[in-house]
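Try each task on your own before you read the solution.

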Amino acid sequence: MIETITPPSTPVGGGAFTVVSARHPWRWAAGIMLTAIMGLLVFSAVTNPRFGWDKVARYFRDVTVVNGIEVTLFLTVICMAVGVALGVVLAVMQLSPNPVASAFAGGYVTIFRGTPVLVQLLFWFNLAALYPEITFGIPGVSLDANQLITPMTAAILGLGLNEAAYMSEIVRAGIQSVDQGQTEAAGALGMPRLLTLSRVVLPQAMRVIIPPTGNEFIGMLKTTSLVSVLAVPDLLYSAQIIYSKNLQVIPLLVVASIWYIVVTTVFTVGQGYLERRFSRGTTRSAPPTAWGRLRAFFRVHSPLATRKGTNDER
Amino acid sequence: MSVETNADTMPLVRAEGVRKSFGPLEVLKGIDLEVERGEVVCLIGASGSGKSTFLRCVNHLEKIDGGLIRIADRVVGYHLKGDKLYEQSHNEVCAARTDIGMVFQHFNLFPHMTALENLMEAPLRVLKQPRKTVEARALKLLEQVGLAGKAKSYPRHLSGGQQQRVAIARALCMEPKLMLFDEPTSALDPELVGEVLRVMKDLARTGMTMIVVTHEMGFARDVADRVVFMHDGRILEEGPAESVITNPRHERTRAFLSAVL
């Protein structure tokens with residue numbers, strides 16, 4: 001599908017013939033059918049009064065909702081930062097020649113990836129029941145777990161530590177994608193392990209690490225909605241606060257959903273450009289943008305398109 | 001740390017009974033080899049004969065299972081105290097490698113750094129030399145290998161021959177006492193082999209001690225002081241380049257040479 005974007009330099013037939021593109025009637029049939037279905041769905045959504053669009057509009061920029069977005073974004077950024085930092089450490093431990101270090105990291109990943117993040121959140125929230133006093137084993141240190149573990153810290157711990165398990169797998173795959181010859185060349189130049197990792201291996205691993213990390217970021221944005229069970233006033237919980245008072249459940253869920261879509265869309269666009277940037281020089285042609293693909297579809301699949309000789313717009 | 005005192009008159013490299021196995025497969029079955037200072041030694045032999053493995057043992061990229069390799073007055077990978085060999089830490093191994101340059105078959109340049117950065121990385125961060133000195137030396141080396149204009153180029157914008165010349169300059173930028181070449185022209189298109197061999201020839205003329213694993217018999221004959229023929233993990237024949245290549249004594253050497261020449 002990419003080849004349509006880069007036209008051949010010499011036209012088919014040497015420019016002497018009119019080139020008629022292949023027609024794809026079934027693509028048009030499927031396109032029309034899907035458009036019809038989409039239209040019906042939109043029509044029903046707009047005409048069904050129970051969606052309460054007027055209330056959606058009223059609460060869309062409600063101060064509680066906007067504060068909720070701020071909390072959601074804050075949580076996403078902090079938890080991803082915790083996840084990435086700890087994930088790198090865990091990945092390096094997993095690849096370490098020390099069997100205890102790699103077993104520890106493996107065990108961490110097993111536990112934190114093997115249990116639902118909701119369960120982990122509840123565990124952190126109820127930490128005081130498990131350890132009423134936190135001493136870290138140091139005499140003289142005694143912290144009240146009930147004061148230390150606020151809903152917010154429980155949320156950051158739960159989401160961040162869980163994310164670290166996933167990030168460590170992503171970073172490990174990235175590190176392993178770098179050619180062994182690079183480590184050898186660095187070693188032959190006398191570069192110790194940590195220097196080799198930071199100067200040679202990780203910069204090259206970034207190309208593999210960045211795209212899935214973008215996915216994790218967008219995933220995290222939505223996973224933060226789980227903290228509503230801890231009464232952290234994120235976007236979803238803010239909507240819940242409002243509808244528990246005015247009982248407009250559906251309109252407020254719609255408000256929250258629209259905001260989630262808006263924020264994820266902004267991040268997705270950003271992620272697309274980030275990926276194109278990091279794939280530059282390594283693949284022959286960067287993946288096309290959505291807009292470019294749509295244009296290509298209409299250019300190729302138009303039943304009226306006959307291209308004489310040279311390709312049209314270039 | 002010095003064990004021998006008359007280090008300057010000793011051979012630079014002395015391998016005694018070097019053995020190496022990969023699992024059940026014994027790749028080196030007792031290699032004895034001495035390389036004098038300023039000498040150029042070419043290791044030839046069929047693939048799988050162990051020549052590359054031996055070369056990698058010399059700078060401890062592979063750990064040997066038996067025997068000993070000394071470079072100048074030091075034992076590679078170990079401290080010799082009395083009759084005991086104490087394995088070196090990774091950092092000590094790294095420190096020892098700064099004296100030994102290595103050039104790989106697949107260049108292994110750092111793709112995210114320019115040619116100049118490739119050269120400067122280790123002298124700056126391992127030897128901790130001042131940037132000005134390193135940069136001046138790196139630029140001079142790039143000029144020597146004929147790539148003065150390519151300092152700012154990234155490896156992927158260079159041809160294979162140019163990349164390998166950058167790799168040689170990168171190794172030289174550490175100012176090594178010994179250079180190891182592991183089939184430096186085997187991954188190159190035929191028309192690019194000459195430019196790399198020319199750089200190596202120039203280097204040999206400066207008096208650098210070199211151990212070269214190669215299939216280029218012409219280079220071995222013209223440049224090497226000594227040619228070593230390896231077969232099945234052993235040294236079968238060694239001597240002056242002219243006599244080994246044009247007048248081999250051993251049946252297997254003759255068979256190998258008639259296949260590659």
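**Exercise 1.** Leaving aside neighbours within four places in sequence, which residues is Ser228(A) in contact with?

*Solution.* First, a word on the ground rules. This is a predicted model, where local features need pLDDT of at least 70, side-chain atom pairs count only at pLDDT 80 or more, and totals for chains, interfaces and linings use all residues. Residues are numbered from 1 along each chain as its sequence is written, chains are lettered from A and ligands numbered from 1 in the order in which they are written, and side-chain values use heavy atoms, with hydrogens and water left out.

Step 1: find the spot. Ser228(A) sits in the loop between helix H10 (193-223) and helix H11 (235-246) of chain A; helices here are DSSP runs of H or I with at least four residues, and strands are E runs of at least two, numbered from the N terminus.

Step 2: list the partners. They are Asp234(A), Leu236(A), Tyr237(A) and Gln240(A), where contact means heavy atoms within 4.5 Å.

Step 3: check the side chain. One of its polar atoms lies 2.8 Å from the backbone oxygen of Ser225(A).

**Exercise 2.** Is Ser228(A) buried or exposed?

*Solution.* Its relative accessible area is 12%, so Ser228(A) is buried. The cut-offs are under 20% for buried, over 50% for exposed and partly exposed in between (1.4 Å probe, protein chains only).

**Exercise 3.** Describe how chain B meets chain A.

*Solution.* Step 1: count residues. On chain B, 24 residues are in contact with 19 of chain A.

Step 1: look at the area. The two chains bury about 1800 Å² between them, 61% of it on carbon and sulfur atoms; that is the accessible area (1.4 Å probe) lost on putting the two parts together, summed over both.

Step 2: look for charges. The rule finds 2 salt bridges across this interface, each needing a side-chain nitrogen of Lys or Arg within 4 Å of a carboxyl oxygen of Asp or Glu. Arg56(B) pairs up with Glu184(A) in a salt bridge, with the closest N and O atoms 2.6 Å apart.

Step 3: see what chain B brings. Helix H2 (90-97), strand E8 (100-103) and helix H3 (115-125) of chain B each supply at least two residues of the side touching chain A. H2(B) gives the largest share, 4 residues.

Methods
Polar contact = N/O pair within 3.5 Å; in protein donor to acceptor, adjacent residues only side chain to side chain.
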